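Subject: Structure for handover

Hello,

Please find the structure below. My notes on what was found in it follow.

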Amino acid sequence: MTSAIPPVLKLTNVSRSFGKVKAVNNVSLTIARGEVIGLTGENGAGKSTLLKILAGIERPDEGTMEINGKPANFRSPNDAFRAGVGVVHQEQSLFTNLSVAENIALQNQDRSGLSRFGIRNWGEINRNASAVLDKIGVKLSPRARVGDLSFVDRQMVEIARAVCVEPGKDATPLIILDEPTAVLEQAEVEVLEREIRKLRRFASVIFVSHRLDEVLRICDRVVVMRHGSLTSDRSTEGVTKQDLFKAMVDDAPVAVTRARAATPAQSTPAIEARGLTVNGKFRDISFAVHPGRITALVGTNGSGRGALMRTLFGAGKPDAGTLLVNGQEVSNWSIRKAVAAGLAYVPAERKVEGMIGGYSGTRNIAMVHRQTAMVGPLLHPGRMARTAQTWFDRLDVNPNDITQPLDQFSGGNQQKVVLAKWLNSPDLRVLMLDHPLRGLDVGVSQAVNAQIREACKNGTAVVLIPDTIEEALDMADEILVLRDGQISARHDLSSGSDLAIKEIVAEMI
Amino acid sequence: MKAFRQFAAWHTIAPPLVFFAMLLVVGIFNPNYLGPFGISIVAATAAPILLVAVGQAMVLNIGSIDLSNAAISMLGAILLALWVPQLGVAGILGVLVLMTLVGALNGFVLAHTQVPSFALTLGTLGILQTAALVISDSQTIYLTQNRELVTAFYNTSLAFVPLTFWIGVLVAVAYWVLLRFTVVGQNMTAVGKNESGAILSAVPHRRIKTITFAVSGFTGAVAGLCIVAQGGSASASGLGSNLLLPGIAAALVGGTSISGGLTNPLNVIFGALTVAFVPIAIQALGFSAQAQSLVYGIFIILVVALTTTRTRGLVIK
Amino acid sequence: ALAEFAHPEGFNPDEWVMVASVINTTNPYMISNIEGAEAVSKALGIKLEIVNSNNSSQTSISNILAILASGKKPIMFVNTVASSDAPPIVDAVGRARGYVSIWWNKPDEFKPQNVGDHFVAFQKHPGVESGRCGAQALADALGGEGSVVMLPGVQDSTTSQTRVAGFRAEIAENYPGIKILEERPSNWDPQLGARNAQDLIVKYGDEIKGVWAADDGMQIGAMQAFENAGLLDKVKFSSDGLYPKTLEDIISGRGGNAIVGETFHRGYMASAIGLYTTYLAASGQITPSELPDEKRESLFKLSCVTPQNYEQYLQYDEPGAADAFVARLVEAGPWDTQPVPLVGAGPEVLPNM
Amino acid sequence: MQSILSRSIKGPIGLIVSILVLIVIFSILNPRFGSIENLQNVLYQASVPLIVVVGATLVIQMGSIDLSVEGVMGASGMAWILLSPNTRHALDLGPWAWVIAIGLGLGLGLLSGLVHAKLKVPSFVVTLGTWYVGLGIAILLYGNGMLPSLTSEALARWPSRLSLGLPNSFWLAAVVILGGILASNYTGFGRGVLAVGNNETIARGGGMAVDRIKIAAFTVAGCLSGLAGILATMQLGSGSPDIGFGQLFTVIPAAVIAGTALGGGEGGVLRSILGVFLLIILNNGLVLAGVDPDFQSGVFGAILIVAIVAVAWPTRGALKVAK
Ligand SMILES: Nc1ncnc2c1ncn2[C@@H]1O[C@H](COP(=O)(O)OP(=O)(O)OP(=O)(O)O)[C@@H](O)[C@H]1O
Ligand SMILES: Nc1ncnc2c1ncn2[C@@H]1O[C@H](COP(=O)(O)OP(=O)(O)OP(=O)(O)O)[C@@H](O)[C@H]1O
Ligand SMILES: [Mg+2]
Ligand SMILES: [Mg+2]
């Protein structure tokens with residue numbers, strides 16, 4: 001083909017290793033102008049590494065890269081940005097102490113008008129940010145401090161920042177979105193989808209997601225990575241989820257379903273809230289979860305689900321209402337009392353709240369329930385290791401090395417360890433999970449869900465904040481819909497009623 | 001240098017290595033330092049620094065800082081000098097208990113009011129200084145009775161090294177065991193590495209902070225014992241009144257991270273030896289009195305450049 | 001160098017090292033200490049090491065220990081950072097089979113007589129006397145009437161405490177018309193002296209007629225504060241040490257002859273006396289245990305200086321004054337050298353108040 | 001993450017209230033406390049730490065610390081007075097004395113910055129080293145000679161002379177503060193400092209010249225310490241290597257109390273200035289109130305604790321991280 005327009009991106013035999021791990025192995029990829037490419041693959045398949053190479057953060061060991069027909073040899077993220085590559089990283093990379101506008105401007109230092117003679121022109125910086133935010137249809141004050149924003153809003157700022165790229169004339173920007181939807185809710189995903197369709201008019205897009213239906217819906221072409229290599233590269237037309245599975249893993253996972261637990265007749269609820277209120281977060285919440293049942297809390301971001309769950313766990317003081325655990329009313333509730341009463345909490349922000357990154361799997365698992373691994377006040381390293389090894393084997397943690405610091409594991413494997421930490425309880429009464437599948441691939445997600453179901457079977461009550469409504473429908477016996485801090489609807493799924501996603505979305509907003 | 005840095009275990013062996021290298025260099029100029037006398041001097045000087053430093057290292061390990069621990073030593077020394085003549089061993093125990101409580105109070109207030117430890121312990125520092133002045137009536141308290149009970153710790157040597165230093169080593173080993181093999185120790189490091197994560201894992205973080213500062217207070221009191229053992233007397237601005245910065249420096253030279261979650265009390269032993277040895281080495285190498293401050297500064301920078309922990313990706317503050 | 005100094009039989013100067021330990025190298029008094037030590041070292045032909053304590057007891061002690069490790073026997077003069085430094089230093093010198101004299105600070109109970117021959121002497125200028133000098137000069141200049149403020153040094157320093165006691169006693173005994181408004185310890189620090197003086201000016205305004213400081217450093221700061229407030233010529237100052245800067249101010253009559261009283265003693269005299277006494281013991285020319293108490297725990301003369309008599313002290317700041325002093329010292333012995341002969345025995349008795 | 005990490009004092013309101021409470025109490029104890037004369041006195045005394053705190057704040061905002069203040073002040077102050085009309089010798093370089101003295105501060109700051117950024121040595125120890133290097137330079141410059149004092153009446157009186165009713169020292173500090181605020185809010189450097197302090201890893205990943213920012217911050221701090229050394233020397237009228245004595249333990253607590261978290265990313269020049277005033281007023285007030293000197297540091301410490309606890313109390317929470 002002798003097209004006058006060169007491809008936006010042309011990768012030839014690119015590789016990158018970390019020690020023995022070949023994170024990216026001999027990848028060749030071409031993206032045409034205006035194309036939206038879906039990139040998917042298991043956790044640790046090498047997606048982020050590949051994107052970091054495009055973004056100038058990692059340098060390839062081998063191979064060549066061309067952007068808009070020009071050889072690209074990025075030395076820094078700035079080089080990539082100037083060449084027209086804008087990135088939303090998987091891990092949020094905003095300065096939480098600075099304003100929205102400034103975060104956008106910092107990435108955009110070369111733009112004229114933002115500073116004159118080295119002096120910041122705040123008016124222009126704010127105007128520029130407003131313009132960009134408008135362009136992607138986000139309603140945010142440019143002056144807001146990023147640290148005060150919700151996770152989603154921050155994600156929007158990231159996207160705004162990425163679309164600021166201004167490659168030279170005749171050049172097409174390449175916008176890279178590394179799992180932008182992992183933290184988004186249904187409605188927000190729709191906003192993003194619209195946004196990507198707009199982007200396509202002037203840019204090419206690489207979109208990474210573990211949600212295969214999303215990939216199939218949004219993208220023109222889908223590329224699958226596995227162990228660092230490209231295993232599939234084809235148009236989305238006519239492709240099914242099962243096809244993608246096969247390209248990702250050796251054997252497609254067997255979908256497990258669980259018979260829903262019936263409404264218990266007589267048993268005491270493991271946890272019950274009566275009129276629970278935290279001013280400014282949620283109001284008058286009443287519900288009960290019985291042993292062996294799963295209750296999902298759905299709602300938009302900011303609807304108060306997270307705060308409610310934290311309050312149940314003793315991490316926040318209710319302003320009104322009562323809380324009953326195992327039928328007993330509790331007072332002066334605290335995290336330590338909650339844990340002693342058999343409660344467990346898997347927070348959404350795994351790295352910051354869920355685990356001790358610098359500690360090994362062994363130590364993380366022994367953080368909470370370690371009665372069996374203690375001799376008096378001393379730790380029993382042997383027993384700790386045996387316990388950890390049991391869980392690593394049971395949850396199939398990869399790499400199966402209980403001594404490696406947890407921050408060196410992929411997110412999915414981290415989540416397995418966090419789960420193990422709580423499941424290791426001798427008497428787990430209530431398991432609370434805030435977005436437990438965030439960022440996990442299909443295989444790992446099923447593994448985690450299997451563990452949740454298993455715990456449930458053993459008589460644990462589960463409170464779940466799911467990523468998607470599908471997840472809620474798949475897992476829960478009961479769904480509580482929260483809107484603006486109040487319960488707007490309840491659905492008992494054990495009666496077998498057929499619930500439509502649309503219906504729930506309507507109750508959310 | 002670069003090759004060294006890449007050497008993964010460098011930071012674990014650097015503190016002892018740098019110390020012995022310095023000893024060797026000085027020994028070449030002045031062989032007496034390689035003998036028992038040289039060793040005993042360095043160890044004697046290092047003893048109070050070591051004690052203050054391991055206490056500080058424990059506090060740094062949970063991500064806080066204790067600016068008051070050297071003042072605790074000072075007050076401890078004065079109380080020892082006042083109490084030991086009448087009370088003997090009970091006086092020593094009394095001081096250890098009291099100073100442990102002072103440390104615990106620091107930690108308790110810190111944990112429950114959630115103020116920055118830097119500011120809180122600065123306030124405690126002021127109060128303790130006043131306490132030292134007032135209790136000593138601005139006098140040097142000279143031990144007359146029961147003098148040997150305390151000075152024996154300095155005057156008795158084991159393998160040429162005074163007992164005060166061995167006490168420091170003992171305490172360092174105890175803390176190492178505490179951190180590696182006990183629940184409390186594991187929780188301390190967890191709080192230092194990720195406090196939010198620790199809180200949500202039901203770590204009793206308030207108790208942990210109280211205990212850690214109590215540990216620092218206790219170690220400070222033992223340092224006070226070393227001061228009195230060496231001086232036979234104590235005063236508010238005398239021996240031991242300049243231990244704060246050397247203590248922090250020794251903890252850092254010993255590989256402790258100032259941002260928390262990383263320390264090895266055993267290496268702090270060598271950190272303290274190094275920090276104690278630098279001025280001695282400068283004197284021994286024969287720099288003029290006027291040049292000593294300059295050379296001291298350069299030495300400190302060089303030593304730390306060699307011993308700093310530079311784990312990949314670790315942000316150096 | 002001087003003509004070869006004749007050491008007594010059996011004293012080999014190469015086996016010995018002279019050590020002068022000073023609190024820092026930034027204070028004029030300490031620099032003068034070093035000068036005196038150098039003069040003695042030159043005169044006696046014994047190598048000299050200076051220890052810079054950098055205001056820290058620990059540094060002082062460990063650096064002294066470091067020199068002891070060199071293997072030579074020390075002849076040592078120590079200007080201690082704090083009283084409590086004396087015992088461990090003396091103890092270490094004893095172990096190194098050397099000799100030491102301590103200047104200015106030691107615990108009262110720690111007496112050379114009770115320790116042994118290696119602790120040759122404790123020496124100082126009387127602090128009470130110094131305080132009395134300052135009080136007299138100041139009170140007389142005010143005509144016996146008026147309010148004064150005091151700037152002591154470091155609170156737990158005996159030197160400062162004795163000077164303060166002397167000042168207060170003199171006022172109480174002889175100047176009923178003088179009122180002491182306040183004491184503000186200023187840690188021997190000129191800047192703190194200035195800051196405290198400023199605060200006192202705000203507090204008392206022109207009620208302050210006189211300022212006494214425990215040393216000239218703090219007085220220099222205080223004078224600057226009063227000058228800034230435009231009050232220098234309305235206030236009188238007295239202090240201790242007759243620093244070169246102070247001398248200049250007296251000569252120039254700064255602030256309408258603001259400085260009315262000073263004391264005279266020089267750092268080089270202290271170190272020379274200390275080192276020479278110690279040398280005598282080291283070389284066997286004296287046996288400390290046979291000396292009377294006043295030579296073991298000694299007070300050396302301190303002169304009151306006024307704008308009227310300062311000229312007679314100028315000779316001691318001429319170039320070569322230290323060498324000249326050492327020559328007289330070797331001639332007359334440590335207890336009888338002008339202008340600082342031995343005048344009494346310590347420990348200083350604080351006046352009853 | 002932010003929602004759970006220490007949300008430091010929102011705005012300096014707690015601090016302003018603390019200062020006002022102190023002012024009221026001290027004025028009741030001694031009416032002279034509120035006089036114009038004392039205002040001038042406080043401003044005069046605050047001017048040196050105010051200059052230093054601007055640099056210190058930049059460094060602390062970046063998550064580092066600069067302990068070298070006192071040494072740098074000594075070196076620059078000594079260099080300046082020896083090159084200005086003084087009692088030692090006749091050498092008088094006029095404005096060049098300023099350039100050379102501040103240049104010395106710049107050099108020392110550059111040294112700290114380079115070693116910290118390039119050799120990756122914790123700033124705490126590097127600057128402990130530069131402290132002694134600076135002090136050592138001051139001592140060597142001082143040598144064996146006599147105390148150098150200013151012979152120029154004009155220079156010696158300049159700091160305390162009043163312009164528009166306030167001492168010149170303070171005006172100098174005000175210019176520096178203004179510069180600091182502008183640099184902090186309106187330059188890439190100032191914003192970079194905040195970004196690095198917030199998250200160095202992200203800053204590096206985002207292609208910011210982190211090392212350059214770090215070196216620049218230490219260099220600016222060095223220059224300002226140098227300037228402060230000159231001012232302190234002028235105020236005293238004589239040079240001393242110890243001219244900076246006590247500044248470190250005014251300036252860093254001032255910044256920290258004012259909410260410039262030692263971890264970086266928070267606080268600001270304006271707030272640190274309030275911190276300096278809190279400490280200076282506290283000291284000045286204790287003297288004016290006639291608190292027994294024996295108890296001064298104790299009362300100081302106690303009030304400090306009460307003040308910071310009062311400021312931090314409303315932000316307590318089960319999950320707040322307090323370092
Ligand atoms: N800086 C690094 N050092 C060492 N190994 C690394 C590094 N970054 C990535 N890896 C490894 O490279 C492999 C690919 O990681 P990458 O983050 O690219 O996967 P991914 O496909 O983005 O996974 P996920 O879906 O979880 O985001 C993994 O095995 C990972 O552990
Ligand atoms: N950092 C913050 N600053 C101000 N308001 C906040 C902040 N975080 C949350 N909120 C508000 O608190 C309320 C509850 O939010 P929270 O994050 O606790 O629950 P949630 O958003 O429903 O949880 P999730 O994100 O898991 O769905 C919302 O009104 C939200 O706007
Ligand atoms: Mg990834
Ligand atoms: Mg949330």
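Ligand 2 is surrounded by residues from chains A and D, so its site is shared between chains. The model is predicted: local features need pLDDT of at least 70, side-chain atom pairs count only at pLDDT 80 or more, and totals for chains, interfaces and linings use all residues. Residues are numbered from 1 along each chain as its sequence is written, chains are lettered from A and ligands numbered from 1 in the order in which they are written, and side-chain values use heavy atoms, with hydrogens and water left out.

Ligand site

The shell around ligand 2 holds 13 residues, where a residue is near if one of its heavy atoms lies within 4 Å. The closest are A:Asn301, A:Gly302, A:Gly304, A:Arg305 and A:Gly306. By class the shell has 1 nonpolar, 7 polar and 5 charged residues; Ala, Val, Leu, Ile, Met, Phe, Trp, Tyr, Cys and Pro count as nonpolar, Asp, Glu, Lys and Arg as charged, and the others, Gly among them, as polar. Helix H9 of chain A (residues 305-312) gives the largest share of this shell, 3 residues. Helices here are DSSP runs of H or I with at least four residues, numbered from the N terminus.

Backbone atoms of chain A also approach the ligand. A backbone N or O atom of A:Gly304 lies 2.7 Å from an oxygen atom of ligand 2, and a polar backbone atom of A:Ala307 is 3.2 Å from an oxygen atom of the ligand. For A:Asp148, a backbone N or O atom lies 3.5 Å from a ligand nitrogen atom. Taken alone, ligand 2 exposes 610 Å², and the protein buries 67% of that (Shrake-Rupley method, 1.4 Å probe).

Chain contacts

Chains A and C do not touch, and their nearest C-alpha atoms are 38 Å apart.

The contact between B and D takes 63 residues from chain D and 52 residues from chain B. About 4700 Å² is buried between them, 72% of it from carbon and sulfur atoms; buried area is the accessible area (1.4 Å probe) that two parts lose on being put together, summed over both. The count of salt bridges between chain D and chain B is 0 (side-chain nitrogen of Lys or Arg within 4 Å of a carboxyl oxygen of Asp or Glu). On the side of chain D that touches chain B, H5(D) gives the largest share, 15 residues. That side divides into 37 nonpolar, 18 polar and 8 charged residues.

Regards

Methods
Polar contact = N/O pair within 3.5 Å; in protein donor to acceptor, adjacent residues only side chain to side chain. Helix = DSSP H or I, 4+ residues; strand = E, 2+ residues; numbered from the N terminus. Contact = heavy atoms within 4.5 Å.
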